[in-house]
Amino acid sequence: MNFEFEHMGTATPFELPEGIHLLGGGEEDQVRLEGLPPSLLTLRIESQRLMVEATRTFTVGGVMVPPGVPRLVLPGEVLGLPESMSLRVMDSHAETERQVGTVAVLKHLLMDTEQPPPSRAAALICLTGADVGRAFALAEANTELGRSREVSVRLRDPAVSRRHARIRHQEGTFLLEDLDSPNGVYLNGQRVLKPSPLHEGDVIEMGRTLLRFQAPMAEPPPPAPAPSEAPVENATPAPSEAPVENATPAALSGEDMPERPRVRWEWWLIGLGATLALVGLLATYAMAA
């Protein structure tokens with residue numbers, strides 16, 4: 001594993017094999033650097049993983065680490081040492097192995113995690129780390145991500161820089177960009193070197209934190225106007241509206257039967273009967289007298 005020790009503007013590179021190494025300014029230290037306290041750091045290198053433990057308080061990426069507490073240090077992180085000294089971890093093979101491990105983690109998480117419900121606003125869903133399960137809405141035109149209290153998406157990850165990355169919403173597209181962070185930003189396992197567009201399900205890696213991008217739900221199309229009813233031409237009348245004149249006499253009954261016109265000869269018979277009755281009455285009266 002490669003390192004770079006810096007003091008007073010002078011950088012000194014060196015390389016260490018796997019195993020346990022003492023680093024300090026003492027004669028018994030395996031890595032002796034003038035100006036450091038004796039046996040200041042214990043470096044444990046195993047399978048390209050570096051665990052650091054110190055006898056005094058030191059910093060990793062600006063975060064204080066108390067003495068006697070082992071700390072995992074990632075490639076690119078800087079250890080702050082006494083007297084304005086620093087130690088940077090520089091591993092040329094870390095990027096390839098990191099990408100392979102990240103892809104395996106991504107497949108596991110995307111297959112085992114339930115899909116979140118759709119939302120009208122874009123969001124970031126935290127998959128790993130101290131903020132796992134949290135959802136961060138991307139409601140602003142520019143959303144910064146990092147460890148600072150001043151950013152919109154604050155992550156409790158010591159491997160994340162104070163201002164680590166930014167997501168810009170521009171003309172309906174969300175762009176991810178790195179803010180010159182030491183550890184870099186990775187999108188689906190690839191390091192982000194320029195503003196890159198985000199799509200549904202993309203995974204962002206920052207430090208030890210994985211975030212899944214959830215695109216906003218598309219607006220439903222407006223309902224189509226109802227078709228206008230065309231006028232009905234040559235409509236046949238309903239059975240109930242059929243004219244009465246077309247009905248047969250058998251179909252008419254009771255009050256529906258029309259009154260038949262009286263024949264003229266019937267009136268003559270009625271008049272003749274009345275005359276005969278009157279003559280009969282006169283003859284009877286004459287005989288009685």
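## Close-ups of a predicted model

View 1. Leu-282 counts as exposed because its relative accessibility is 55%, where exposed means over 50% relative accessible area, buried under 20% and partly exposed in between (1.4 Å probe, protein chains only). This is a predicted model, in which local features need pLDDT of at least 70, side-chain atom pairs count only at pLDDT 80 or more, and totals for chains, interfaces and linings use all residues. Residues are numbered from 1 along each chain as its sequence is written, and side-chain values use heavy atoms, with hydrogens and water left out. Leu-282 sits in helix H2 (residues 264-288); helices (H or I, at least four residues) and strands (E, at least two) are DSSP runs, numbered from the N terminus. With Leu-278 and Leu-281, Leu-282 forms a nonpolar surface patch of about 330 Å² accessible area together. Areas come from Shrake-Rupley with a 1.4 Å probe, and for residues only the protein chains shown count as cover. Patch members have over 30% relative accessible area and no salt bridge, with nonpolar side chains (Val, Leu, Ile, Met, Phe, Trp, Tyr) joined within 5 Å and like charges within 9 Å. A salt bridge here is a side-chain nitrogen of Lys or Arg within 4 Å of a carboxyl oxygen of Asp or Glu.

**View 2. Two faces of strand E5.**

**View 3. The neighbours of E5.** E5 pairs antiparallel with strand E3 (residues 19-24) over five bridges; pairing takes at least two DSSP bridges between the strands. Leu-22 has Thr-42 as its bridge partner in E5. Six bridges join E5 to strand E6 (residues 49-54), also antiparallel, and Leu-43 stands opposite Val-52 there. The E5-E6 hairpin has two residues between its strands, and Ser-47 takes a positive phi near 55 degrees.

**View 4. An open six-stranded sheet.** The strand order is E2-E1-E11-E10-E7-E8, with antiparallel pairing. E2 (10-15) and E8 (63-65) are the edge strands, each with a single partner, so one side of each lacks a neighbour in the sheet. Inside this sheet, E1 (residues 2-7) and E11 (residues 85-90) run antiparallel and share five bridges, with Glu-6 opposite Ser-86 in E11.
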